[in-house]
Amino acid sequence: MQKAIVIGASSGIGRELAKILSENNYQVGLVGRRENLLKELQEELPGKSYLKSFDISILDQGRVQLKELIEEMNGVDLIIISAGCGFINPDLEYEKEQRTIDVNVSGFTAMMNVAYQYFLKNGGGHIVGISSIAAIRGGYDGPAYAASKAFISNYMEGVRIKARKADIPLYITDIKAGLVDTAMAKGEGLFWVAPPEKAALQIYKAIDNKKELAYVTKRWRLIAWLLKAMPNFIYQKL
């Protein structure tokens with residue numbers, strides 16, 4: 001039986017991924033800040049699960065807690081880093097920008113480092129990170145969010161190359177998510193908003209196929225292509 005840890009399992013995509021993994025005979029480690037929500041989820045899962053409540057932005061504590069969870073599970077095959085935050089921040093309030101960086105950059109890096117070091121020592125595995133279509137270009141309404149998601153994508157690419165050069169069978173999957181009906185989907189006039197169940201199922205398939213990159217939902221690949229090709233003078237008028 002395979003074992004997986006979902007960091008950010010208390011809500012949204014992470015919660016749905018934990019359900020799908022459990023339904024597919026994974027033992028699942030559930031990580032999140034809100035212990036009550038993790039316990040509710042644990043009661044819904046058909047398979048064996050473990051629970052560890054902590055905030056990934058508290059870096060030293062988070063690293064220790066993740067290591068402890070891996071030990072409690074007697075090792076894992078897959079670690080999914082789904083925890084994240086973001087704000088619509090038209091006034092560029094510093095506190096919102098800093099919180100985004102604390103979670104999406106510093107917290108992500110702390111979790112990624114524990115995962116990489118564990119799989120390096122134990123002969124390989126699979127790490128999945130949830131970035132975003134927002135990673136492709138800068139975002140005026142939430143600069144830190146777009147930048148933090150670009151960091152996640154580039155960081156995973158760097159670690160993927162590092163693993164290859166070290167000849168480690170470590171798969172690293174970047175999930176570039178479009179709009180999903182979670183608390184992270186903010187703003188007016190949103191389109192192509194997918195239910196989290198659909199997004200999680202597509203992510204699970206990408207994990208199962210060990211893809212390096214997947215757009216979720218799949219139609220967002222078109223938006224990604226358009227964003228990459230769009231000249232600056234047009235993008236800046238949007």
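Aspartate 167 is found in the loop between helix 5 (143–165) and strand 6 (170–177). Helices (H or I, at least four residues) and strands (E, at least two) are DSSP runs, numbered from the N terminus. The structure is a predicted model, in which local features need pLDDT of at least 70 and side-chain atom pairs count only at pLDDT 80 or more, while totals for chains, interfaces and linings use all residues. Residues are numbered from 1 along each chain as its sequence is written, and side-chain values use heavy atoms, with hydrogens and water left out.

Aspartate 167 has a positive phi of about 60 degrees, although this residue is not a glycine. Its relative accessible area is 70%, so aspartate 167 is exposed. Here buried means under 20% relative accessible area, exposed means over 50%, and partly exposed lies in between (1.4 Å probe, protein chains only).

Asparagine 25 also calls for attention. This residue lies in the loop between helix 1 (12–23) and strand 2 (27–32). Asparagine 25 counts as exposed because its relative accessibility is 54%.

A cis peptide bond, with omega about -10 degrees, joins valine 216 to threonine 217.

Helix 7 (residues 220–229) contains arginine 221. With a relative accessible area of 48%, arginine 221 is partly exposed. On the surface, Arg221 gathers with Lys205, Lys211, Lys218 and Lys228 in a patch of positive charge. Patches are made of residues with over 30% relative accessible area and no salt bridge; like charges are joined within 9 Å, and nonpolar side chains (Val, Leu, Ile, Met, Phe, Trp, Tyr) within 5 Å. A salt bridge is a side-chain nitrogen of Lys or Arg within 4 Å of a carboxyl oxygen of Asp or Glu. The C-alpha atom of arginine 221 is separated by 29 Å from that of lysine 165, 56 residues apart along the chain.

The interior remains to be described. In soluble globular proteins, nonpolar side chains tend to be buried together. The largest nonpolar core has 32 residues, and Ile5, Ile7 and Ile79 have the most contacts inside it. Such a core is a set of buried Ala, Val, Leu, Ile, Met, Phe, Trp, Tyr and Cys residues joined through side-chain atoms within 4.5 Å. Two or more residues of this core come from each of strand 1 (3–7), helix 3 (59–72), strand 4 (78–81), helix 4 (94–121), helix 5 and strand 6. Helix 4 gives the largest share, ten residues.

Terms used: Areas by Shrake-Rupley, 256 points an atom, 1.4 Å probe, with all protein chains shown as cover. Lys, Arg positive; Asp, Glu negative; His and termini not counted. Charge placed at Lys NZ, Arg CZ, Asp CG, Glu CD.
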